[in-house]
Amino acid sequence: MADQLIRATAAEGGIRAVGVITSRLTEEARRKHKLSSVATAALGRAMSSGLLLVSSMKKEGSRVNIRIKGNGALGGLLVDAGLDGTVRGYVENPSIELPLNDQGKLDVGGAIGKDGYVYVVRDVGYGYPYSSTVELVSGEIGEDITHYLVNSEQTPSALLVGVLVDHQGVVASGGLLLQVMPKAARDESLVEILESRVSKLSGFTPLLQAGNTLPQIFEELLGDLGLNILPEISMVRFSCKCSSERLLSALKLLGEAEIKDMIEKDEGAEGTCHFCNEVYQLGKQDLIELLEEIKTEKV
Ligand code: ZN
């Protein structure tokens, strides 16, 4: 199934549900960054989480950034997800591989580490972005983001994210977010229902592997609670806004002396985008023009 995001409500608007499939975009990230299996799972889970979190925002252009920094060998990761369905991200040490954990799953918790923090920024495109930090719970990402939603945003939430990787690449990836809306949050039974239903699931990717679509997954979880699946399907994809123009404007900040140095010593410059691993080569002539530009601006 194509990568997509679908929203639903239940319990007369008391429950908000979002499901996302990110198999293709996680495979794209794996290839771009040459990610190991455990790094693919970590970044895939975080990208699904970012898309699920940003889906509740209303203003066009809204974005969510999730930075996870633990004491494990992966070093940490950063994800940038937009309400327009674009997402990008990277991990610090993409080639780290670990043995499977005692449940036979990719050891994302071990790779991230249990000591550290999750830092989330919600940005609507103007004014100060809303940001908040919580400590890691397990490094498994799903639990950590749930902890963030419950403690920092005070929204009772159940989040499930998963990535299945085999020797050829990503087989399935995606996630599910169920939240009790503020007006219904005092209804403890709703919170309990959601928690018990999600805890019975053995993960998100087994649902996809069994051939379920997102509407079928919603139906199974919330079908008896007055489920209303919204008709709009949002496409999601890996996308980065970097360009050689952006690299040039970043170089500009280094100042004249530094740029002159690059022209004389290296006869050019090379820049790699952290988010998508794209390499940009700038020739001597590009840098000479950049110098001219800086000089004209000064006059
Ligand atoms: Zn890029």
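Biologist: What makes glutamate 27 count as buried or exposed?
Modeller: Glutamate 27 has 12% relative accessibility. Buried means under 20% relative accessible area, exposed over 50%, and partly exposed in between, with a 1.4 Å probe and protein chains only. Glutamate 27 is therefore buried. Before we go on, this is a predicted model, where local features need pLDDT of at least 70, side-chain atom pairs count only at pLDDT 80 or more, and totals for chains, interfaces and linings use all residues. Residues are numbered from 1 along each chain as its sequence is written, and side-chain values use heavy atoms, with hydrogens and water left out.

Biologist: Why is the contact between arginine 30 and glutamate 27 called a salt bridge?
Modeller: The term asks for a side-chain nitrogen of Lys or Arg within 4 Å of a carboxyl oxygen of Asp or Glu. For arginine 30 and glutamate 27 the N to O value is 2.9 Å, so the pair qualifies. Both sit in helix H1 (residues 23–33), and because they are 3 residues apart, about one helical turn separates them. Helices (H or I, at least four residues) and strands (E, at least two) are DSSP runs, numbered from the N terminus. Glu27, Arg30 and Arg31 are also linked in a network of salt bridges, and the structure holds 14 salt bridges.

Biologist: How do you know that lysine 69 and glutamate 92 form a salt bridge, and which parts of the chain do they link?
Modeller: Their side chains meet at 3.3 Å, N to O. The two residues are 23 apart, with lysine 69 in strand S3 (residues 63–70) and glutamate 92 in the loop between strand S5 (86–91) and helix H3 (108–112), so the pair links distant parts of the chain. Lysine 69, at 31%, is partly exposed, and glutamate 92, at 44%, is partly exposed too.

Biologist: What about arginine 122 and glutamate 153?
Modeller: The closest N and O atoms of this salt bridge are 2.7 Å apart. Arginine 122 is in strand S6 (residues 116–123) and glutamate 153 in the loop between helix H4 (142–151) and strand S8 (157–166), so the bridge ties together parts 31 residues apart in sequence. With a relative accessible area of 12%, arginine 122 is buried.

Biologist: Why is glutamate 192 called exposed?
Modeller: Because its relative accessibility is 53%. Glutamate 192 belongs to helix H5 (residues 188–200).

Biologist: How do you know that phenylalanine 238 is buried, and what is in contact with it?
Modeller: Its relative accessibility is 7%, so phenylalanine 238 is buried. This residue lies in strand S11 (residues 237–238). The C-alpha atoms of phenylalanine 238 and valine 87 are separated by 5.0 Å, although the two are 151 residues apart along the chain.

Biologist: What makes the phi of isoleucine 141 worth a remark?
Modeller: Phi of isoleucine 141 is near 80°, a positive value in a residue other than glycine. Most residues other than glycine have a negative phi. Isoleucine 141 lies in the loop between strand S7 (130–135) and H4, and at 0% relative accessibility it counts as buried.

Biologist: And where is asparagine 277, and what is its phi?
Modeller: Asparagine 277 is in the loop between strand S12 (268–272) and strand S13 (279–283), with a positive phi near 70°. At 32% relative accessibility, asparagine 277 is partly exposed.
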